[in-house]
Amino acid sequence: VSSAVNIPNLVDHFFRHESGRLMAVLTRVFGLHNLELVEDVVQSALLQALESWKFQGVPADPAAWVYRVARNKALDVIRHQAVADKSAPEWLSLHRTTDAIPMDQLFLSSEIADSQLRMMFVCCHPDLPEESQIALTLKTLCGFGVEEIARALLTTDANVKKRITRAKRKFLEQPIEFEVPAGEALKSRLDSVHTVIYLLFNEGYSSSHPHELIRRDLCAEAIRLGLLLHDHPACRNEDTSALLALMLFHAARFDARLDAEGGILLLQEQDRTKWDQELIARGTYYLSESAAGEQITRYQLEAAIAAQHSLAPSFDSTDWQTLLMLYDHLIQMYPSPIYELNHAIVIAMTAGPDAGIDAINAIKELDTLQDYHLLHATLGEFHLQAGRLEKAQACFARAINCTSSHSEKNLLERKLSATRRFV
Amino acid sequence: MSKFIYVFRGGRDPQASPERMQAQMQKWMDWIGRLKQQGRYVAGEPLQPGGKVVNTAKKIITDGPFAEGKEIVAGFFIIEAETLDEATAMSKDCPIFESGGSVEIRAIQVINP
């Protein structure tokens, strides 16, 4: 009886990740211009798995089961020649010579990873608008449904569909190779892939996002794609490693960022024993790997900044001087009002709140931050530290008006009431 | 204990996202797991979506009354229970109800020669 109780379990996000793998493998078979057909085949393979396993239980090797079904469905399509007239040369050469053998090879794990990598470069193709890149990445590589993408990107289903359709139309209009670019092209195309991974992670990390679970999902997916990229020697440059390090350092703090009621905890309030030391160790590994390169890049500097925070045993022992230096570097190389705002916070930590306010006032494009709640929250904090309670109150009130996030409003209300306690 | 059959109808969502499939699967695994733990689950099989219905009186073969999604028999379980009432009670947790499907519960006839 005991063996009958033993039920194989599915790993978390099994369907989602297999969807991503199958999309990549079958796009290699049918070509990018047949993306809709590929979606149909993948959906039908996954549905068949669900409908069978509901009644029979999950097989011992569920992934192999799904691949077999997907492969058979793909061969059916080929036999019916439904796409024969429109097929890509690659597709033809694969199946003209022999029947099932090349197709089976595509389901070997190394080939699956290779197909996913190709898909990554296609989803992040610079000819696609950035919003289409992100939506398409979530749809095809991460296996998100339209509704889930809309919730993740805080937009409507219709918008997501539009973004994906735009990408598919592009694939029909203009032949885009389903491949990992080589040579000179690789560097710039890799930059686009890094950007999309970075944006995905940010989308998840941003505390203005209302759904904690979705946020974690997005961050986990970004890290997964980063690892996939890193596994491929040609795609493993200093930015790939630095980006991974950056994401791992931030992800390590996930559990400590919220209190029991889901309220936001600031860096100095977080229980550092809740930081995930394993992720920090892995982040440190990738950061040192990245440092082997000759030039210093934006991701390296951002990762180094995150490392400073992650490795400090307490808030008070944070190495502000090193942080100051890193931000100086960063702003010199990549001027950005957001970096400058963070820089001002570090300045205030070393030279006092008024120096922080001066630094904020010196931000070149300060007007672009006028609706950014963290600008006003930071100013409020500085005024509070300097004992100017009324100014602090005004700043916090303005910050509250600038954010629609419930948990951020709560945090700011907490700050605001702290100022009232002194008055 | 006697054997009973659960006939599952409908409950398919062709548009389900992978994550929704995962959630559905998890519920079925939990339910099958509980039935197995109680020593009640004997076997189960899915059925292919299509089929034929043969009406000998009119000598007509049709694709059957399968067109309506909620009417399609999706699969069956054989389970063990003391009585039909108990078998019925045991089906109450079936996840198919959450996706608009239904379960028909029948006792398997045992003929003792």
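Which residue forms a salt bridge with Asp191(A), and how far apart are the closest N and O atoms? In this predicted model, the partner is Lys187(A), and the closest N and O atoms of the pair are 3.1 Å apart.

Asp191(A) and Lys187(A) both belong to helix α11 of chain A, which covers residues 184-205. They are separated by 4 residues, about one turn of the helix. Asp191(A) has a relative accessible area of 31% and is therefore classed as partly exposed, since that class lies between the limits of 20% and 50%. Lys187(A), with a relative accessible area of 43%, is likewise partly exposed.

The salt bridge between Arg388(A) and Asp354(A), at 2.7 Å from N to O, links distant parts of the chain. Arg388(A) is partly exposed, with a relative accessible area of 29%. Asp354(A) is also partly exposed, at 40%. Elsewhere, salt bridges that share partners connect Arg16(A), Glu148(A), Asp217(A) and Glu19(B) into one network.

In general, side chains of opposite charge can pair when their charged atoms come close. Over all chains, the count comes to 28 salt bridges. The following table lists four of them.

| Residue | Partner | N to O distance |
|---|---|---|
| Asp191(A) | Lys187(A) | 3.1 Å |
| Arg388(A) | Asp354(A) | 2.7 Å |
| Glu19(B) | Arg16(A) | 3.4 Å |

**The interface between chain A and chain B**

How many residues of each chain are in contact across the interface? The contact involves 29 residues of chain A and 30 residues of chain B. The size of an interface is often given as the accessible area lost when the parts come together. For chain A and chain B, the area buried between them is about 2,400 Å², with 61% of it on carbon and sulfur atoms.

Across this interface there are 2 salt bridges. One joins Glu19(B) to Arg16(A), with the closest N and O atoms 3.4 Å apart. Between the two chains, 12 residue pairs are in polar contact, counting residues at pLDDT 80 or more.

Several helices of chain A give two or more residues to the side that touches chain B, namely α1 (2-5), α2 (14-30), α3 (35-56) and α9 (146-152). The greatest contribution comes from α3(A), with 10 residues. By residue class, this side of chain A consists of 14 nonpolar, 9 polar and 6 charged residues.

**A buried arginine in chain A**

Arg118(A) is located in helix α7 (residues 109-123) of chain A. Its relative accessible area is 15%, so Arg118(A) is buried, the limit for that class being under 20%. From C-alpha to C-alpha, Arg118(A) and Gly380(A) are 47 Å apart in space, and they are 262 residues apart in sequence.

**Chain B**

The secondary structure of chain B comprises 2 helices and 6 strands. From the N terminus on, the order of these elements is β-α-β-β-β-β-α-β. Along the principal axes, the C-alpha atoms of chain B fill a box of roughly 50 × 45 × 20 Å. The chain has 113 residues, of which 35% are buried. The accessible surface of chain B is about 6,800 Å², and 52% of this belongs to carbon and sulfur atoms.

Among contacts in chain B between residues at least 6 apart in sequence, 76% join residues at least 24 apart. Ala107(B), in strand β6 (residues 102-107) of chain B, touches Lys3(B), Phe4(B) and Leu84(B), leaving aside residues up to four places away in sequence. Ala107(B) and Ala81(B) are 26 residues apart in sequence, while their C-alpha atoms are 9.4 Å apart in space.

Key:
Residues are numbered from 1 along each chain as its sequence is written. Chains are lettered from A and ligands numbered from 1 in the order in which they are written. This is a predicted model: local features need pLDDT of at least 70, side-chain atom pairs count only at pLDDT 80 or more; totals for chains, interfaces and linings use all residues. Side-chain values use heavy atoms; hydrogens and water are left out. Contact means heavy atoms within 4.5 Å. Buried area is the accessible area (1.4 Å probe) that two parts lose on being put together, summed over both. A salt bridge is a side-chain nitrogen of Lys or Arg within 4 Å of a carboxyl oxygen of Asp or Glu. A polar contact is a pair of N or O atoms within 3.5 Å; within protein, one must be able to donate a hydrogen and the other to accept it, and residues adjacent in sequence count only if both atoms are side-chain atoms. Ala, Val, Leu, Ile, Met, Phe, Trp, Tyr, Cys and Pro count as nonpolar, Asp, Glu, Lys and Arg as charged, and the others, Gly among them, as polar. Buried means under 20% relative accessible area, exposed over 50%, partly exposed in between (1.4 Å probe, protein chains only). Accessible areas come from the Shrake-Rupley method with a 1.4 Å probe; for residues, only the protein chains shown count as cover.
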